[in-house]
Amino acid sequence: MKEFWNTYYKWLDAEALTDAEKAELRGIENDENEVALRFSSALSFGTAGLRGTMKTGLNAMNVHTVAHATQGLANLIVREGRAKDGVAIACDSRLNSQTFAETAACVLAANGIKVYLFDSLRPTPELSFALRELGCVAGINVTASHNPKEYNGYKAYWEDGAQLPPEHADTVAAEIARLDIFADVKKMDLDAARNAGLVTIIGEEMDEKYLSNVAAQAVNPDAVAAVADELKIVYTPLHGTGYRLVPAILKRVGLKHLYTVDEQMVIDGNFPTVKKPNPEYPEAFVLGIEVANKVGSDLVIATDPDADRVGVMTRTPDGSFATITGNQMGALLVDYIITAYKETNTMPSNPYVVKSIVTSELAAKICAANGVKMHNVLTGFKFIGEVIKNHEERGEAGKFLLGFEESYGYLFAGY
């Protein structure tokens, strides 16, 4: 018998599985290809954490693989002597995200690790902010970013707010491989963990701290006021976590005419109005453009389900809408930030920008023309965060202006 059948039957006999999960597995017993797909190998854990389709099995996203990965992370944290520093946990709008987040909290608590669990879905950037604000050693966000509805994921972060460095990810992966997915995973009831003070629920108070930090980053606070009477912006969260905080910050900085796509303001992990909730694709903007044409807006902004990816479409001279690519937006942002600092006579000393090596060199040319240093790094915001962290730890002079990638991700300021 092929080895994956042994794993399949081990799962089928496991007390940890619910009746519904066992029924699901019995339903594939005559489909060797499906059994092999689910049980030939485990879902791999890397610097980006876990990502896969949601189903019962070793090579999929479910409460068991989430708990398994969390036990690996817990072992790393305990080994580092950082259990008391705690872990912040958030999730997006995907199916099962809240359940997976609570599962992770229960495993960490059972290992004596303090947990700060958001009361409901939150954007990935706020998760990074919260773990830094609380002095946590790590963070977890349950999200599959912009993937289709069948997927979910598990992003793990370290104390700097960036995703796990390679050496820590390797340690977690090794622990997962060593641990039995059922016998070696510690678990604790969520209510018991809360009563024991191991799990603390966080919410609006963290939102306010986060929004205050966002608003404070304005390089030219008067810019919005100058155009607020005429400027109209359409926004869509694509059924995701940006639905509340993005409108809140736009209004806070002075935008008067904000229009949202009502159908996509509804939190729904099935993403019923789009094939893929990815703001890189013009198809995701169809409903937003309809609203823009009705209200006379020239700008449509969309965020992905965990709101760490921003897409923009703008009206062209012939009245149609065109995408502003990630490369173009990065260059526009670099140029705007530098110009705003110069116009307000507030340019910091030794400013620098960070981008990935696959991103356009146009921003580098803008930096060179303005005496701003450009750092090129490997793809992944953990490498952008590493540059910022190195500057801070070495006490090097320099003001971080912007970090970005061509895949619609932008980081302004280090908070």
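**Exercise 1. Which residues line the largest cavity, and which helix gives the most to the lining?**

Solution. 
- Step 1. List the lining of the largest cavity: Ala42, Leu43, Leu50, Leu58, Thr65, His68, Ala69, Ile176 and Ile181. The model is predicted.
- Step 2. Helix 4 gives the most, with 3 residues.
- Step 3. Sort the lining by class. There are 7 nonpolar and 2 polar residues, and no charged ones.
- Step 4. The largest cavity holds about 70 Å³ of space. A search of the whole structure with a threshold of 30 Å³ or more finds 1 cavity.

**Exercise 2. How do helix 4 and helix 7 cross, and which residues make the contact?**

Solution. 
- Step 1. Take the axes of helix 4 (residues 63-79) and helix 7 (residues 166-178). They come within 8 Å and cross at roughly 120°.
- Step 2. Classify the angle. Angles of 65 to 115 degrees count as roughly perpendicular, and those over 145 as roughly antiparallel. Helix 4 is therefore oblique to helix 7.
- Step 3. The crossing of helix 4 with helix 7 is right-handed.
- Step 4. List the contact. Helix 4 supplies His68, Ala69, Gly72, Leu73, Asn75, Leu76 and Arg79. Helix 7 supplies His168, Thr171, Val172, Glu175, Ile176 and Arg178.
- Step 5. Sort this contact by class: 5 nonpolar, 5 polar and 3 charged.
- Step 6. Look back at the cavity. His68, Ala69 and Ile176 are among its lining residues, and the helix contact includes them too.

**Exercise 3. At what angle do helix 6 and helix 9 pack, and which residues meet?**

Solution. 
- Step 1. Read the geometry of helix 6 (residues 124-133) and helix 9 (residues 204-215). Their axes lie 10 Å apart, at an angle of about 100°.
- Step 2. Classify. Helix 6 and helix 9 are therefore roughly perpendicular to each other.
- Step 3. Name the partners. Pro125, Glu126, Phe129, Ala130 and Glu133 of helix 6 meet Met206, Asp207, Lys209, Tyr210 and Asn213 of helix 9.
- Step 4. Count classes in this contact: 5 nonpolar, 1 polar and 4 charged.

**Exercise 4. Where do helix 1 and helix 3 touch, and at what angle do their axes cross?**

Solution. 
- Step 1. Take helix 1 (residues 3-13) and helix 3 (residues 32-39). Their axes come within 9 Å and cross at roughly 80°.
- Step 2. Classify. That makes helix 1 roughly perpendicular to helix 3.
- Step 3. List the contact. Phe4, Trp5, Thr7, Tyr8 and Trp11 come from helix 1. Glu32, Val35, Ala36 and Phe39 come from helix 3.
- Step 4. Sort by class. The contact of helix 1 with helix 3 has 7 nonpolar, 1 polar and 1 charged residue.

Conventions. Residues numbered from 1 in each chain as written. Predicted model: local features only at pLDDT ≥ 70, side-chain atom pairs only at ≥ 80, totals over all residues. Heavy atoms only, no water. Axes fitted to C-alpha atoms, helices over the stretch in contact; angles between N-to-C directions. Helix = DSSP H or I, 4+ residues; strand = E, 2+ residues; numbered from the N terminus. Parallel < 35°, antiparallel > 145°, perpendicular 65-115°, else oblique. Left-handed = near helix turned anticlockwise from the far one by under 90°. Contact = heavy atoms within 4.5 Å. Nonpolar A, V, L, I, M, F, W, Y, C, P; charged D, E, K, R; others polar. 1 Å grid on protein atoms, 1.4 Å probe; cavity = no way out; pocket = protein on both sides within 12 Å on 5 of 7 lines; lining within 4 Å. Points joined across faces, edges and corners; volume = space filled by probe spheres on them.
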